[in-house]
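Subject: Structure for you to look at, with notes

Dear colleague,

Please find the sequence and the structure below, followed by my notes on what turned up when I went through them.

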Amino acid sequence: MDNIAKFEEIIGYTFNNKRFIRQALTHSSYANERKIPGGSNERLEFLGDSVLSIVVSDFLYKNLNVAEGQLTKIRASLVCEKSLHIFAKSICLGDFLLLGKGEENTGGRQRPSILADAFEAVIAAIYLDGGMQAASKHILRFMPEDIHHAGRPAFSDFKTVLQEIVQKNPEEKVEYVLISEEGPDHDKRFVVEVCLNSQVIGKGGGRSKKEAEQLAAKEALELMGYETQ
């Protein structure tokens with residue numbers, strides 16, 4: 001129960017019925033090992049996928065005045081496995097999963113598919129426990145702040161692109177420095193600077209350190225004249 005309390009603190013939601021969140025955190029490998037019929041998060045994942053889709057669709061419809069095709073592309077980028085994996089890591093979801101020994105020993109806590117599925121299961125758990133309003137509040141925490149400038153996937157790996165460019169000159173070194181961290185645990189904002197040989201070349205802010213680092217790298221790339229759209 002201590003683990004559940006820690007996770008509730010991270011996501012900023014306290015469950016009335018802990019059964020929902022326990023099931024959301026239970027991978028099928030664990031349920032199968034323990035012979036818990038219907039005890040995994042697979043059914044919750046199914047429901048969470050639908051809740052996520054309607055909340056994101058509603059958010060985009062109300063906040064972006066673009067054509068249907070563009071809305072579809074942006075929604076797809078926000079609910080794809082890559083984005084859900086990033087969202088899941090920002091709330092340390094992997095640390096709280098119940099995994100079977102096989103999955104545990106083969107890196108299941110970091111596996112994108114497992115984390116993305118569990119993220120959807122958590123959405124369903126919140127929805128069943130607290131309704132659509134609670135689920136929507138949780139989901140909207142992860143929407144990018146620059147949504148009004150959307151036209152690219154919500155998350156691109158700008159850090160990797162920057163690193164690949166810098167590595168062409170072995171003497172160059174990239175470093176990310178956290179310069180501020182504000183807000184309560186469930187709604188923090190981080191600001192990061194990216195430095196090249198101790199010189200600041202970009203700055204970014206986000207709801208997680210990883211998002212802030214990505215946006216700092218994006219700014220650096222843009223200042224260097226690279227296309228990031």
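Predicted model: local features only at pLDDT ≥ 70, side-chain atom pairs only at ≥ 80, totals over all residues.

Residues are numbered from 1 along each chain as its sequence is written, and side-chain values use heavy atoms, with hydrogens and water left out.

The sheet

Helices (H or I, at least four residues) and strands (E, at least two) are DSSP runs numbered from the N terminus, and two strands pair if DSSP finds at least two bridges between them. On that basis there is an open sheet of three strands in the order E1-E2-E3, with antiparallel pairing; its edge strands are E1 and E3 (199–206), each of which pairs on one side only. From one strand to the next the twist averages 20°. Strand E1 (residues 174–182) is joined to strand E2 (residues 189–196) by eight bridges, and the hairpin of these two strands has six residues between them, with Gly183 taking a positive phi near 100°. E2 and E3 pair over seven bridges, again in the antiparallel sense; the partner of Glu193 in E3 is Lys203, and that of Val191 is Gly205. The hairpin of E2 and E3 has two residues between the strands, and there Asn197 takes a positive phi near 55°.

Helix H9 (residues 158–166) lies across E1 and E2 at about 145° to E1, whereas helix H10 (residues 209–223) lies across E1, E2 and E3 at about 135° to E3.

Helices H5 and H6

The axes of helix H5 (residues 68–79) and helix H6 (residues 81–90) come within 4 Å and cross at roughly 45°. H5 is therefore oblique to H6, since angles under 35 degrees count as roughly parallel, over 145 as roughly antiparallel, 65 to 115 as roughly perpendicular and the rest as oblique. Where they are in contact (heavy atoms within 4.5 Å), Ser77, Leu78 and Val79 of H5 meet Glu81, Ser83, Leu84 and Phe87 of H6. The buried residues of H6 are Ser83, Leu84, His85, Ile86, Phe87 and Ala88, where buried means under 20% relative accessible area, exposed over 50% and partly exposed in between (1.4 Å probe, protein chains only). These buried residues pack against helix H4 (42–63), H5 and helix H8 (112–140).

Cysteines and Thr26

Cys80 is partly exposed, because its relative accessible area is 29%, and Cys92, at 36%, also counts as partly exposed. Just after H6, Cys92 takes a positive phi of about 55°. Taking a disulfide as a pair of cysteine sulfur atoms within 2.5 Å, the count comes to zero disulfides.

Thr26 lies in the loop between helix H2 (18–24) and helix H3 (28–33), and it counts as buried because its relative accessibility is 6%. Leaving aside neighbours within four places in sequence, Thr26 is in contact with Ala31, Gly39, Ser40, Asn41 and Leu98.

Technical notes
Axes fitted to C-alpha atoms, helices over the stretch in contact; angles between N-to-C directions.
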